[in-house]
Amino acid sequence: MAMRRVASTAARAFASPSSLVFTRQLQASPGPKKIVGVFYKANEYAEMNPNFLGCAENALGIREWLESKGHEYIVTPDKDGPDSELEKHIPDLHVLISTPFHPAYVTAERIRKAKNLQLLLTAGIGSDHVDLKAAAAAGLTVAEVTGSNTVSVAEDELMRILILVRNFLPGHHQVINGDWNVAGIAYRAYDLEGKTVGTVGAGRIGRLLLQRLKPFNCNLLYHDRLKMDPELESQIGAKFEEDLDKMLSKCDIVVINTPLTEKTKGMFDKEKIAKLKKGVLIVNNARGAIMDTQAVVDACNSGHIAGYSGDVWYPQPAPKDHPWRYMPNQAMTPHISGTTIDAQLRYAAGTKDMLDRYFKGEDFPAENYIVKDGELAPQYR
């Protein structure tokens, strides 16, 4: 069974928990499959761009292809709660596709109810909306389109750094409100050159951000579970910091680029934030739950954090009373960094490719697996 084969090189990257009991076949069985996609609703915007594939209306552009092969394709934006449209299809779906931008939270309870479920696909990067341990214990395959929005997110992070450093938003708001007060902007606007920027996590996105920052002549630092190749590290001009707390105390700007795991959930709590420089700027396009929500609010109110920007919240969509909407010196947006039109084309194509491989009983690219044969990828351990 091809879906259960593990190439020797890929196997070394995964843990081997002996206590897990596999209860699902990972190979597609013969016959039509029920596939459910959960995407945000675009309404009038759905028809404005033919490449706008990541919305519920356009559904990754794979409906005709799936239905021509005899499969059922259900698409909905309604994902939360016992009366949601998604919940109705949990008992008999075979494949669930979701995105980080409008995540379908796949809990252990939903996995228990989903007796036919074999495959969980993330159209994008980041599968923390799935209870990965429960998925592994159930023998499910969890995969994502690795690399599909690396450029998109790294570019967005660089933009957010500049927005915070240059105190851009107050000036923009002045124009909208008919005001003109240069002093109200300039008193806390700075150059990026010469500042110390540290990334917590230096995977594909973190490394690319550091490369994009090099021309700005910053002092570049990174903390990660793995040290970069020395030649790449030298080319980028970044310094590895093994001790996270020591790195944080040096940084004028901190960028969060680590996945959300049990270890990183709530990592930036009151105590960790206290170790940051007073007046630090933070950019977080990783996951909202890495931050202690109230600790961030308190630090922004006190001025310990001089600016906070990102596009990730917990939960998503963020409720109207989420405190990050109202804290000072924030430049928050909905979760948009990884869902540019270019990224949508990449993750739609990657999702189609994995579905095709699944139907044929073929392995996915090794880097796409988050859970395979009951084993979690290293970044989620």
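This briefing covers the sheet, a pocket, the salt bridges and the cysteines of one structure.

The model is predicted, so local features are taken only at pLDDT of at least 70 and side-chain atom pairs only at pLDDT 80 or more, while totals for chains, interfaces and linings use all residues. Residues are numbered from 1 along each chain as its sequence is written, and side-chain values use heavy atoms, with hydrogens and water left out. The structure holds 20 salt bridges and 0 disulfides.

**Sheet**

- Seven strands form an open sheet with mixed pairing, in the order β2-β1-β3-β4-β5-β13-β14.
- The edge strands, each pairing on one side only, are β2 (72-76) and β14.
- β1 (residues 34-38) pairs with β3 (residues 95-98) in the parallel sense, over 3 bridges; Gly37 stands opposite Ile97 in β3.
- Two strands pair if DSSP finds at least two bridges between them. Helices (H or I, at least four residues) and strands (E, at least two) are DSSP runs numbered from the N terminus.

**Second largest pocket**

- The second largest pocket holds about 760 Å³ of space, a volume being the space filled by probe spheres set on grid points that are joined across faces, edges and corners.
- A pocket is an open set of points on a 1 Å grid over the protein atoms alone, where a 1.4 Å probe fits, with protein on both sides within 12 Å along at least five of seven lines; lining residues have an atom within 4 Å of a point.
- The lining has 32 residues, and Asp128, Val130, Asp131, Leu132 and Leu260 lie nearest the centre of the pocket.
- By type, the lining divides into 16 nonpolar, 7 polar and 9 charged residues. Nonpolar covers Ala, Val, Leu, Ile, Met, Phe, Trp, Tyr, Cys and Pro, charged covers Asp, Glu, Lys and Arg, and polar covers the others, Gly among them.
- α5 (132-137) and β14 (375-376) each supply at least two lining residues; α5 gives the most, with 3 residues.

**Salt bridges**

- A salt bridge is a side-chain nitrogen of Lys or Arg within 4 Å of a carboxyl oxygen of Asp or Glu. Buried means under 20% relative accessible area, exposed over 50%, and partly exposed in between (1.4 Å probe, protein chains only).
- Asp128, one of the residues nearest the pocket centre, forms a salt bridge with Arg287 (2.7 Å, N to O). Asp128 lies in the loop between β4 (119-122) and α5, and Arg287 in the loop between β10 (280-284) and α13 (293-302), so the pair ties together parts 159 residues apart in sequence. Asp128 is partly exposed at 24%, whereas Arg287 is buried at 12%.
- Glu87 and Lys113 form a salt bridge (3.1 Å, N to O). The pair links helix α3 (residues 85-89), which holds Glu87, to helix α4 (residues 108-113), which holds Lys113, 26 residues apart. Glu87 is buried at 12% and Lys113 is partly exposed at 37%.
- Salt bridges with shared partners join Glu87, Glu109, Arg110 and Lys113 into one network.
- Lys79 and Asp80 also form a salt bridge (3.1 Å, N to O); Lys79 is buried at 2% and Asp80 is partly exposed at 43%.

**Cysteines**

- A disulfide is a pair of cysteine sulfur atoms within 2.5 Å, and the structure holds 0 of them.
- Cys218 is in no disulfide, as the nearest cysteine sulfur, that of Cys251, is 11 Å away. Cys218 is buried, with a relative accessible area of 15%.
- The closest cysteine sulfur to that of Cys300 is in Cys251, 17 Å away and too far for a bond. Cys300 is buried, with a relative accessible area of 3%.
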